[in-house]
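This report covers a helix packing contact and a set of aromatic contacts. The sequence and structure come first.

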Amino acid sequence: MGWTNYHGHCDYCDGQGTIEDYIKKAIELKMDGIGISSHAPVPFPTDWTMPAYKLDNYLKEIEELKAKYADQIDVYKALEVDYIPGLASPKHEKIVAANLDYCVGSVHYIGQMNDGTHWAVDAPADEFMKGLNETFNGDIKRAACRYYELQREMLEQATPDIIGHMDKIKMHNLTFGLFDENEQWYLDEVNKTLAVIKAKGVIVEVNTKAYYRDGHLFPGPEHFAKIKELNIPITINSDAHHPDKLVNAFEEVEEMLLKAGFTHFVELVEGKWQEVAIAEA
């Protein structure tokens with residue numbers, strides 16, 4: 001078995017390269033499967049989500065390329081869908097109508113700034129701090145608790161197949177030292193969220209996007225033992241924004257998972273999620 005990647009972004013949203021560029025690179029890397037999962041449209045302007053008018057072409061292009069490369073690699077049609085109460089959801093009628101092979105559900109937006117702009121937790125550092133101050137009066141504990149509360153709400157009410165970058169609220173900790181990730185209140189939020197992930201049968205991705213930049217994984221290796229204890233299915237995704245990043249840090253993360261006692265990933269095999277031995281991946 002070769003690698004798979006179910007979380008990546010092309011030029012329909014904020015990624016570089018066409019869908020076909022990613023597929024060709026995946027074939028070059030002898031990958032077994034690739035999922036195309038651009039950021040789904042949201043009902044307000046952003047500089048990183050797909051515009052709504054492009055969605056139909058996006059879905060059509062994936063289907064055409066699936067057929068074109070069917071004898072070389074399994075291509076899957078997906079979206080990374082934001083959960084914003086009342087505005088966006090993995091179970092929104094337009095997402096359901098897209099007839100996806102799977103859905104990555106993610107929380108980015110957790111509040112609104114003074115001018116009404118939606119605040120994303122993975123915004124650049126200065127914008128992150130502006131949003132934290134305007135949305136939560138600088139209270140990172142409140143912001144982090146809201147982040148996990150929204151994840152649990154999404155899991156309960158609009159269950160995706162994969163939860164995206166589960167603990168991304170921590171991403172600016174290296175820069176600002178905003179909170180101690182070992183504090184009990186924070187671990188309680190993570191563990192409560194993992195319990196719902198387990199109950200709903202959702203896959204946790206180990207998101208490697210930032211690993212070579214700053215050593216970050218989402219979720220961090222400190223949570224692997226709990227994920228293993230709960231027997232939650234996992235997969236490695238790179239959140240690629242360029243074809244060259246498709247298997248970013250996969251070998252390093254595989255070793256970490258083996259050391260943590262994992263023996264299997266889940267992969268889409270003939271369109272169904274199945275366990276595959278890590279040694280065979």
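## Helix 4 against helix 5

Helix 4 (residues 125–136) and helix 5 (residues 140–157) cross at roughly 90°, and their axes come within 9 Å. Helix 4 is therefore roughly perpendicular to helix 5. The model is predicted.

Helix 4 makes the contact through Phe-128, Leu-132, Thr-135 and Phe-136. Helix 5 contributes Ile-140, Arg-142, Ala-143 and Arg-146. Sorted by class, the contact of helix 4 with helix 5 has 5 nonpolar residues, 1 polar residue and 2 charged residues.

## Aromatic pairs

How many aromatic pairs are there? The count comes to 17. In one of the pairs, the ring centres of Tyr-147 and Tyr-148 are 5.1 Å apart. Their planes stand at 80°, so the pair is edge-to-face. Are Tyr-147 and Tyr-148 buried or exposed? Tyr-147 is buried, and Tyr-148 is buried too.

Trp-185 and Tyr-186 also form an edge-to-face aromatic pair. The distance is 5.7 Å centre to centre, with 80° between the planes. Both Trp-185 and Tyr-186 are buried.

## A charge over a ring

Lys-168 places its charged end over the ring of Phe-218. The distance to the ring centre is 5.9 Å.

Terms used. Residues are numbered from 1 along each chain as its sequence is written. This is a predicted model: local features need pLDDT of at least 70, side-chain atom pairs count only at pLDDT 80 or more; totals for chains, interfaces and linings use all residues. Side-chain values use heavy atoms; hydrogens and water are left out. Axes are lines fitted to C-alpha atoms, for helices over the stretch in contact, and angles run from 0 to 180 degrees between N-to-C directions. Helices (H or I, at least four residues) and strands (E, at least two) are DSSP runs, numbered from the N terminus. Angles under 35 degrees count as roughly parallel, over 145 as roughly antiparallel, 65 to 115 as roughly perpendicular and the rest as oblique. Contact means heavy atoms within 4.5 Å. Ala, Val, Leu, Ile, Met, Phe, Trp, Tyr, Cys and Pro count as nonpolar, Asp, Glu, Lys and Arg as charged, and the others, Gly among them, as polar. Rings of Phe, Tyr and Trp (its six-membered ring) pair if their centres lie within 6.5 Å; planes under 30 degrees apart count as stacked, over 60 as edge-to-face and the rest as tilted. Buried means under 20% relative accessible area, exposed over 50%, partly exposed in between (1.4 Å probe, protein chains only). A charge sits over a ring if NZ of Lys or CZ of Arg is within 6 Å of the ring centre and within 35 degrees of the ring normal.
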